[in-house]
Amino acid sequence: MNGLDQEQCNYLLAALERTQDRLLGQLSGEQDVAPTTRPPPHEVEASPADNASTRTLNELVQEAAQHTTIQLRIVKHALLKFGDGSYGLCEHCGVAIGYSRLNAQPEARYCIVCQTRFERPRR
Ligand SMILES: [Zn+2]
């Protein structure tokens, strides 16, 4: 069990769906491609080679789009977990993540202990 009651689940689900809508809106604005009809972001590298002057800008746009795509993937992943009942559980150690953490970050995949371990400073 993830320790969430029905109301909390509904709230978090709604928050995730709002985030998903926002990210999808950002993607369609950035790329002029409807991501709902073309989910795999593999063909982003369609910049023509002779268009070198706009390359940097394209890269920036692609970077932003990639960031949004990654965010979107994380949110979709969380929504999937609602479907299979694993939402709210740490994917690493399996403990309940807790409502206060999920409330701040509905797409959280790990409990605070694991997350802190993963994000440990590199020096
Ligand atoms: Zn954990």
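Biologist: Which residues in H2 are buried?
Modeller: This is a predicted model, in which local features need pLDDT of at least 70 and side-chain atom pairs count only at pLDDT 80 or more, while totals for chains, interfaces and linings use all residues. Residues are numbered from 1 along each chain as its sequence is written. A residue is buried if 20 or more other C-beta atoms, placed from the backbone, lie within 10 Å of its own, exposed if 12 or fewer do, and partly exposed in between. In H2, the buried residues are Thr68, Thr69, Leu72, Val75 and Ala78.

Biologist: In what order do the elements of the chain run from the N terminus on?
Modeller: Helices (H or I, at least four residues) and strands (E, at least two) are DSSP runs, numbered from the N terminus. The chain has four helices and zero strands. From the N terminus on, the order is α-α-α-α.

Biologist: How far apart are the end C-alpha atoms of H2?
Modeller: The expected span of a helix is 1.5 Å times one less than its number of residues. For the 30 residues of H2 this should come to 44 Å, and the model agrees, because the end C-alpha atoms are apart by 42 Å.

Biologist: Is Gln71 buried or partly exposed?
Modeller: Gln71 lies in H2, which covers residues 55-84. Because Gln71 has 17 other C-beta atoms within 10 Å, it counts as partly exposed.

Biologist: With which residues is Ala78 in contact, leaving aside its neighbours within four places in sequence?
Modeller: Two residues are in contact if their C-beta atoms, placed from the backbone, lie within 7 Å. Ala78 is one of the buried residues in H2. With those sequence neighbours left aside, the partners of Ala78 are Leu16, Tyr87, Pro106 and Glu107.

Biologist: How far apart in space are Ser28 and Ala65, C-alpha to C-alpha?
Modeller: Ser28 lies in H1 and is partly exposed, because it has 13 other C-beta atoms within 10 Å. Ser28 and Ala65 are 37 residues apart in sequence, and their C-alpha to C-alpha distance in space is 9.3 Å.
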